[in-house]
Amino acid sequence: FAGVVATVLAEVHNQVSPAVPILILLDLSSYYVDVEVDEVDIGEVTVGLEAEVAVDALPGVELPAKVEEVALSPSTAQGVVTYRVRVRVTDLGNSGVRPGMTANARLITQRASGVLLVPRRAVRIADGEAYVELVREGVRGTGLEQVAVTLGLGDSLNVEIMSGLQEGDPVFVRGVVQQNQLQQMFEGGPGQVDRQRPNVHP
């Protein structure tokens, strides 16, 4: 391949042997990231799966990528079983990526567009059923109404609502708050009700 000499490990007149490298060549046209995937998730990872690579030194830059290899044999560290997955960047653009930069890869196993999202913290589970709490204004003040919802795809921050809500519904998002503080909020005491409205994302 056409490469760039990154490091020269020998000088003129040095004695070298076939087992000792004399220079390091880099192929700057192609980059990859090796990541460790937990055994619980490895069943969803296949060659060709879409991915995105983010580089710590380049905030806001996400590079398109694809899974190139999935290891057959696992690695075990401190009782945790993982599998090495190689993710190849498919378009570098003018990102300014350099070899050795710290990177994180996000593997995309499913996609959904034009869906209704709410913060995951707004969803409660009771008796195997999911529900959210809507903020309702009544003659007696502000209150909460439990509304059953059907969940779809989600990540660590948000979850898709397939039914039960409409865009613009005020959803109550619980934080670290005591029950008496909630009562004070609804009775007009100190504090504020944390409301968030679900958004439609393209």
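## Burial of Arg86

A residue counts as buried when its relative accessible area is under 20%. In this predicted model, Arg86 has a relative accessibility of 17% and therefore counts as buried. The residue belongs to strand β7, which covers residues 80-89.

The surroundings of Arg86 can be listed by name. Leaving out residues up to four places away in sequence, Arg86 touches Tyr32, Val33, Asp34, Lys66, Val67, Glu68 and Glu69. With one of these, Asp34, the side chain of Arg86 makes a polar contact through the side chain of that residue, at 2.9 Å.

## Salt bridges around strand β7

Eight salt bridges are found in a search of the whole structure. One of them joins Asp34 to Arg84, with 3.6 Å between the closest N and O atoms. Because Asp34 lies in strand β3 and Arg84 in strand β7, this pair ties together parts that are 50 residues apart in sequence. Asp34 is partly exposed, with a relative accessible area of 36%, and Arg84 is also partly exposed, at 27%.

Asp34 meets Arg86 as well: their side chains form a salt bridge with an N to O distance of 2.9 Å. This pair links distant parts of the chain, since Asp34 is in strand β3 and Arg86 is in strand β7, 52 residues apart.

A further salt bridge connects Arg88 with Glu68, where the closest N and O atoms are 3.0 Å apart. Here strand β7, holding Arg88, is linked to strand β5, holding Glu68, and the two residues are 20 residues apart. Arg88 is partly exposed, with a relative accessible area of 22%, and Glu68 is partly exposed at 32%. Through salt bridges that share partners, Asp34, Glu69, Arg84 and Arg86 are joined into one network.

## Nonpolar cores

The largest nonpolar core has 21 residues, and within it Val53, Val85 and Val87 touch the most other members. Strands β3 (32-38), β4 (50-55), β5 (62-70) and β7 each supply at least two residues of this core. The largest share, five residues, comes from β7.

Val87 may be considered in detail. Apart from neighbours within four places in sequence, Val87 is in contact with Tyr31, Tyr32, Val33, Val35, Ala51, Val53, Ala65, Lys66, Val67, Ala105 and Leu107. The structure also holds a second, separate core of 14 residues, whose members include Val123, Ala130, Leu165 and Val171.

## A nonpolar surface patch

Val5, Val8, Val16, Ile22, Leu23 and Leu25 make a nonpolar surface patch of about 500 Å². At least two residues of the patch come from each of two strands, β1 (4-8) and β2 (23-26).

Val8, a member of this patch, is placed in strand β1. Its relative accessible area is 57%; a residue is exposed when this value is over 50%, and Val8 is therefore exposed.

## Summary

Arg86, which lies in the strand, is buried and has a salt bridge to Asp34.

Terms used
Residues numbered from 1 in each chain as written. Predicted model: local features only at pLDDT ≥ 70, side-chain atom pairs only at ≥ 80, totals over all residues. Heavy atoms only, no water. Patch = residues over 30% accessible without salt bridge, like charges linked within 9 Å, V, L, I, M, F, W, Y side chains within 5 Å. Areas by Shrake-Rupley, 256 points an atom, 1.4 Å probe, with all protein chains shown as cover. Salt bridge = Lys/Arg side-chain N within 4 Å of Asp/Glu carboxyl O. Helix = DSSP H or I, 4+ residues; strand = E, 2+ residues; numbered from the N terminus. Buried < 20%, exposed > 50% of the residue type's maximum accessible area, 1.4 Å probe, protein only. Polar contact = N/O pair within 3.5 Å; in protein donor to acceptor, adjacent residues only side chain to side chain. Contact = heavy atoms within 4.5 Å. Core = buried A, V, L, I, M, F, W, Y, C linked by side-chain atoms within 4.5 Å.
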